[in-house]
Amino acid sequence: MGRSVHDAPPVLIQGGMGVGVSGWRLARAVSRAGQLGVVSGTALDLTLARRLQRGDPGGDLRRALAAFPVPEVAARVLRRYFVPGGIPEGTPYRPVPRLGLRQSRALDELTVVANFAEVYLAKEGHDGLVGVNYLEKIQMATPAAVYGAMLAGVDYVLVGAGIPAEIPHLLDELAAHRRGEVAVTVADGDRRPVAVEPNRLFGRTLPPLPRPRLLAIVSSHVLAAYLARTPRTRPDGFVLESPVAGGHSAPPRGRMTLDEAGEPVYGPRDEVDVAKVAAIGLPFWLAGGYGTADGLAGALAAGANGIQVGSAFALCRESGLDPALRDRLLRGAADGTLRVRNDPLASPTGFPFKVADLPGTLADPVVYADRPRLCDLGYLRTPYEKADGAIGYRCAAEPVDVYVRKGRPAEEAEERRCLCNGLLAAIGLGQHRPDGYAEPPLLTLGQDTGFLAELPRDHSAADVIDRILTGARVGTA
């Protein structure tokens, strides 16, 4: 039996880092140590399909799929993507269906199964808490992804990069296997529903599911108060994220200005009033530069339940990062040459994005200039309404002329990086195109790497937890 979601909340939350950096191995290690291990839910359909095509070394994914409650659905996914022994090195991966407003049974099945498998493996062999992290920016995947994680008994759902006002109701509906939907904003048009219908997808009714707790990742006490105002939008707690946290961060409030290094300037308006969040009465955790014993002690003194830690776990042995890239990050941090910049242009979402400047990666201007622009995965593309009323999709990282033909100015596409392909390459799953071009990696990390001074060079998840909790004199759960 798994641990009840009604147990005391954790002190440490391991951040959900995508794509695949916070995979099931890392989440399981953190959970076994008594804290909240979190898998990234971003693009799990694609990572499952590519790992199956690589032959599923060790058989972990096939073991998880064998436990899926509707065997024929898992069997279809295996038939489509599993390659015994794996595809030859350098062979292009078979594509998966792309996200869209029109429902695709094949994509829904793959998404549900993939999210189930990741959470199942993270929960295997212990009774600790496991969470899954999603991005509000990728709404078109959310209903099916959340349902798959819930089928595996996920304890917490964490949602950031937007306003997750619809997620509490979605969890309520999916716990009863009812139709779960979210409304996707269509540029130049209205909002359209994207849904998963469990009974129609499976052709049967399954027993009710435990409803996981929802943590909204926010960077504003105003947004926290807005979400808490009514039961339909109220989460079970908050993660308050500062601008130095890795990955996407909220843009500065008001007109964006850049410093001499070309990074967004944050001011007093961007600081979270922790006391106002505490007054809401829901649990909360502080994130972004808190991954030390002193950071935890300060968070607890401010009334928080604990902290969320990302980068220290991203650089540990159980991380999903390609080991060679992880080692380069560690060496750069140790010798003072690593720079992580908050790039206002890199992400096609328009949100600032932390980019680790490593030569040979997509952060390198030469590598970026040499990459033929292509949007073949489309997780960050947005729907828009064409003049004839039809729905189209566009991404600021696609070829500039294509983006312009879809009604947007060319300057919006300048310097945009393909995060989808770059982040997949960072975990060793980069695409090899038929012409021989291999997608280069893109790496993200928090801007505060001072925590590394307190950790062994080749540190584990347990090392991170022990150093933080022992130094802050906090016992493990």
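Predicted model: local features only at pLDDT ≥ 70, side-chain atom pairs only at ≥ 80, totals over all residues.
Is Cys420 buried or exposed, and at what relative accessibility? Cys420 counts as buried, at 13% relative accessibility, where buried means under 20% relative accessible area, exposed over 50%, and partly exposed in between, with a 1.4 Å probe and protein chains only.

Residues are numbered from 1 along each chain as its sequence is written, and side-chain values use heavy atoms, with hydrogens and water left out.

**View 1. The whole protein chain, with 17 helices and 14 strands.** Helices (H or I, at least four residues) and strands (E, at least two) are DSSP runs, numbered from the N terminus. The radius of gyration is 21 Å, close to the 23 Å that the globule rule gives for 477 residues, so the chain is as compact as a globular protein of that length. That radius is taken over C-alpha atoms, and the rule is 2.2 Å times the number of residues to the power 0.38. Along the principal axes, the C-alpha atoms fill a box of roughly 55 × 55 × 45 Å.

**View 2. Inside and contacts of the protein chain.** Of its 477 residues, 56% count as buried. Contact means heavy atoms within 4.5 Å. Among contacts between residues at least 6 apart in sequence, 69% join residues at least 24 apart.

**View 3. Cys418 and Cys420, two buried cysteines.** Cys418 has a relative accessible area of 9%. What is the closest cysteine sulfur to that of Cys418? The closest one is in Cys420, at 5.2 Å, too far for a bond. A disulfide is a pair of cysteine sulfur atoms within 2.5 Å, and a search of the whole structure finds zero of them.

**View 4. Ala356, a buried residue in a strand.** Look for Ala356 in strand S12, which covers residues 353-356. Its relative accessibility is 0%, so Ala356 counts as buried. Which residues does Ala356 touch, not counting those up to four places away in sequence? Among them are Leu329, Leu338, Arg339, Val340 and Thr361, and the list also includes Ala363, Leu443 and Thr444.
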